[in-house]
Amino acid sequence: MSEDENKNKNDEQHRLRKELPDEVAPEAADGADGADDEETPAAETKNPSLTGRQRLAKGLWPPRVSRAQLIVAVLLFVLGLGLAIQVRSNSDSSALRGARQEDLVRILDELDDRTQRLGDEKQRLEGQRTELENSSDQAEEARKQTVERERQLGILAGTVAAQGPGITLTITDKKGAVQADMLLDAIQELRAAGAEAIQVNDVRVVADTYLTDASGGKVSVDGHKIGEPFVFKVIGKPQDLEPALNIPGGVVQTLEKEQATVTVTQAQKIVVDALRPAKRPDYAQSSSQ
C-alpha cells in the first residue's frame with residue numbers, strides 16, 4: 001500500500017472517531033475501561049434512587065436507641081408514675097375538703113388525744129414488763145399487777161366505785177326539749193375525749209349503756225328513768241373533757257339552741273359511786289389452760 005493511501009486511511013479513522021457519540025466512544029477503549037463501564041449499569045440497577053419518604057422510613061426503622069435515650073425514657077416513666085401516685089393520694093383526702101372548720105378542729109383534737117393516750121398506755125405496759133423482768137419475786141409482782149388490772153377492769157365495767165379528777169356537767173331543761181340522742185352525743189363526746197368513768201344522775205354508764213326517750217320529758221338510761229337536771233359525773237383529764245364539750249357546733253351549743261342551761265365545772269376529785277352488778281356469763285368460758 002502506498003504512503004498516500006495509508007495517510008488517507010488514518011485521516012478517515014480519525015474523522016470517524018470524532019463523529020462517534022459519547023456513549024459509543026468508551027467501547028473503543030481498552031479492556032479495563034470497558035469492564036468498568038459494564039459494571040456501572042448493574043450497580044445502578046441494584047441500588048435504584050430512593051424517594052424522600054422511603055429515605056425517612058429507612059432512617060426511622062429499625063430504631064436506633066442510644067444509652068442516653070434509654071436513661072431519659074426510664075426517668076420520664078418514673079416521673080409519670082410519681083405524678084399518678086400523687087394525684088391518687090390527693091383524691092383520697094378529698095373527703096375532708098368539704099368538712100366544716102369546727103369539725104376538722106374536733107377531729108384533729110381527738111386524734112391528738114388518742115395518740116397521747118396510746119403513748120401513755122404504751123409507757124405503762126413497758127413499765128410493767130420491766131418490773132416483771134427485774135423483780136426478784138416475779139410471781140408476787142405478777143399477782144399485784146393482776147389485782148390492779150382487775151380493779152381497772154372493774155372501774156370500766158361499772159362494778160367498782162372510782163374517784164379522780166374530772167368534770168361535772170349539769171343540764172337544766174325546764175321545757176323538756178332535751179332528748180335521749182342529745183345525752184348520748186354528750187356521752188360519746190366525753191368518751192372520745194378520754195373519759196374513764198361516767199355517771200348520769202344515779203346510773204353508771206358502761207359500754208353497753210343505751211338511752212331512750214321516756215314520757216313526761218324524761219330519759220330512760222338502761223331502763224332507769226331520769227329527769228332534769230341531768231348531772232354527769234365524769235372522771236378524766238379536765239383539760240381535755242371541757243374543751244371537747246365546748247367546741248363550735250358541739251354538745252354545749254346544741255343544748256343551748258334548745259334553750260337548755262349547761263354548766264361545766266372542773267374538779268380535782270370526782271366520785272363515781274353508782275355501781276352495776278357483775279354479770280356471770282352463761283355460755284362463755286375462759287380459753288386459757
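**Figure 1. The buried residues of helix H8.** In this predicted model, the buried residues of helix H8 (residues 238–245) are Pro238, Leu241, Ala244 and Leu245, where buried means under 20% relative accessible area with a 1.4 Å probe and protein chains only, and helices (H or I, at least four residues) and strands (E, at least two) are DSSP runs numbered from the N terminus. These residues cover an arc of only 140° around the axis, which puts them on the same side of H8; the arc is that of the directions from the helix axis to the C-beta atoms.

**Figure 2. The packing partners of H8.** The buried residues of H8 pack against strand E1 (162–172), helix H7 (180–192), strand E7 (230–235), helix H9 (251–257) and strand E8 (261–272), a contact being heavy atoms within 4.5 Å. Across the protein, 74% of the contacts with a separation of 6 or more are between residues 24 or more positions apart.

**Figure 3. Leucine 81 in helix H4.** Leucine 81 lies in helix H4 (residues 67–92) and is partly exposed, with a relative accessible area of 45%, the partly exposed class falling between under 20% for buried and over 50% for exposed.

**Figure 4. The protein as a whole.** The secondary structure comes to 9 helices and 8 strands, and buried residues make up 22% of the 289 residues.

**Notes.** Residues are numbered from 1 along each chain as its sequence is written, and side-chain values use heavy atoms, with hydrogens and water left out. Because this is a predicted model, local features need pLDDT of at least 70 and side-chain atom pairs count only at pLDDT 80 or more, whereas totals for chains, interfaces and linings use all residues.
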